[in-house]
Amino acid sequence: MDIGKRFDTVANRYDTPDKEERSRIFVNSILQHLPDTSDFKVMDIGAGTGTVDMILSDHVREIVAFDLSQGMLDVFRQKIERSGKNNIRIYKKDIFSEDFPEKDFDLVITSMTFHHLKDPVSALNRLKGYLKKGGYIAIIDLYREDGSFHSDNTDVFHFGFDREEVKNWLKETSLEEVYYGIIHTLQKEREGQKKDYPIFLIIAIKN
Ligand SMILES: C[S@@+](CC[C@H](N)C(=O)[O-])C[C@H]1O[C@@H](n2cnc3c(N)ncnc32)[C@H](O)[C@@H]1O
């Protein structure tokens with residue numbers, strides 16, 4: 001089963017109050033470290049059910065969102081329709097193997113998706129091509145974990161990322177760091193105990 005089909009199977013139960021809360025924290029953290037975003041055109045990779053975009057869309061001009069899972073995008077589309085928002089476009093497309101004609105984005109975001117990508121450096125290089133000069137990329141993902149975050153590690157290529165790896169991504173892609181920090185900690189019950197999973201945000205600029 002490919003990753004898109006795997007997420008199809010969880011799409012209808014993906015949205016939870018926890019995801020809503022963490023998405024608010026993610027958006028606030030991104031906005032806190034950027035200049036005025038009200039005229040920004042944003043690309044979201046691995047947008048899923050739009051947990052982040054439904055919040056971020058109130059703070060930017062437009063969001064163009066991509067995901068491989070039709071099920072996740074169906075849930076996202078229903079949320080867009082219910083809200084009456086008209087500044088989000090969604091596409092079922094693998095931006096890493098197919099081209100997309102618009103290349104003038106002010107900001108590329110990706111949340112909880114990079115650990116599902118085989119080669120983060122080549123992914124980042126590809127995403128850099130969609131940014132205008134002076135544009136930003138914001139990546140939110142798991143800090144290095146012991147492999148217990150997902151109950152099934154199929155399609156999980158990385159057990160999070162440590163600070164050095166993330167620094168190296170920017171070196172390899174000639175992006176300049178604007179901000180790095182741990183912005184949130186997720187908790188899961190593992191072997192009868194609560195376990196912490198820190199989440200990092202890195203923001204970089206294309207000079
Ligand atoms: C854990 S979900 C994150 C969803 C959302 N960004 C959030 O923060 O809640 C990861 C999403 O990435 C998508 N995904 C994985 N690889 C992808 C790729 N190469 N291109 C687009 N989407 C991808 C999956 O289908 C899934 O919906």
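## The sheet

Seven strands, in the order β3-β2-β1-β4-β5-β7-β6, make up an open sheet with mixed pairing. Its edge strands are β3 and β6 (176-190), each of which pairs on one side only. On average, neighbouring strands of this sheet are turned by 15 degrees against each other, direction ignored. Two strands count as paired if DSSP finds at least two bridges between them. Strands (E, at least two residues) and helices (H or I, at least four) are DSSP runs, numbered from the N terminus. Axes are lines fitted to C-alpha atoms, for helices over the stretch in contact, and angles run from 0 to 180 degrees between N-to-C directions.

The model is predicted: local features need pLDDT of at least 70 and side-chain atom pairs count only at pLDDT 80 or more, while totals for chains, interfaces and linings use all residues. Residue numbers start from 1 along each chain as its sequence is written.

## Strand pairs

Strand β1 (residues 41-45) pairs with strand β4 (residues 105-111) in the parallel sense, over 3 bridges. D44 has I109 in β4 as its bridge partner. On from β4, the pairing with strand β5 (residues 131-142) is also parallel, over 6 bridges. Here V108 stands opposite I137 in β5.

The pairing of β5 with strand β7 (residues 193-205) is antiparallel, over 7 bridges. L142 has I199 as its bridge partner in β7. β6 and β7 also run antiparallel and are joined by 13 bridges. β6 and β7 form a hairpin with 2 residues between them, and E191 in the turn has a positive phi of about 50 degrees.

## Strand β4 and S111

Is β4 buried or exposed? 7 of the 7 residues of β4 are buried, so this strand is largely enclosed by the rest of the structure. A residue is called buried if 20 or more other C-beta atoms lie within 10 Å of its own, exposed if 12 or fewer, and partly exposed in between, with C-beta atoms placed from the backbone.

S111 lies in strand β4. S111 is buried, with 25 other C-beta atoms within 10 Å. Not counting residues up to four places away in sequence, S111 touches F26, V52 and I140. Contact means that the C-beta atoms of two residues, placed from the backbone, lie within 7 Å. The C-alpha atoms of S111 and H150 are separated by 16 Å, and these residues are 39 apart along the chain.

## Helix α5

How does the span of helix α5 (residues 70-83) agree with its 14 residues? At 1.5 Å a residue the helix should span 20 Å, and its end C-alpha atoms are 20 Å apart, which agrees. The expected span is 1.5 Å times one less than the number of residues. After α5 comes G84, whose phi is positive, near 75 degrees.

G71, M72, L73, F76 and I80 are the buried residues of α5. They pack against α1, α2 (11-14), β2 and β3 (88-92). An α-helix has 3.6 residues a turn, so residues three or four places apart point the same way.

## A47

A47 sits in the loop between β1 and α4 (53-56). This residue is buried, with 27 other C-beta atoms within 10 Å. Leaving aside neighbours within four places in sequence, the contacts of A47 are D53, A65, F66, D67, F76 and I90. A47 and I109 are 62 residues apart along the chain, and their C-alpha atoms are separated by 8.9 Å.

## Around the ligand

The ligand is surrounded by 21 residues, of which the closest are F7, G46, G48, S69 and S111. A residue counts as near a molecule if its C-beta atom, placed from the backbone, lies within 6 Å of it. α1 (3-8) and β2 (62-67) each supply at least two residues of this shell. The largest share, 3 residues, comes from α1.

By class, the shell has 10 nonpolar, 8 polar and 3 charged residues. Ala, Val, Leu, Ile, Met, Phe, Trp, Tyr, Cys and Pro count as nonpolar, Asp, Glu, Lys and Arg as charged, and the others, Gly among them, as polar.
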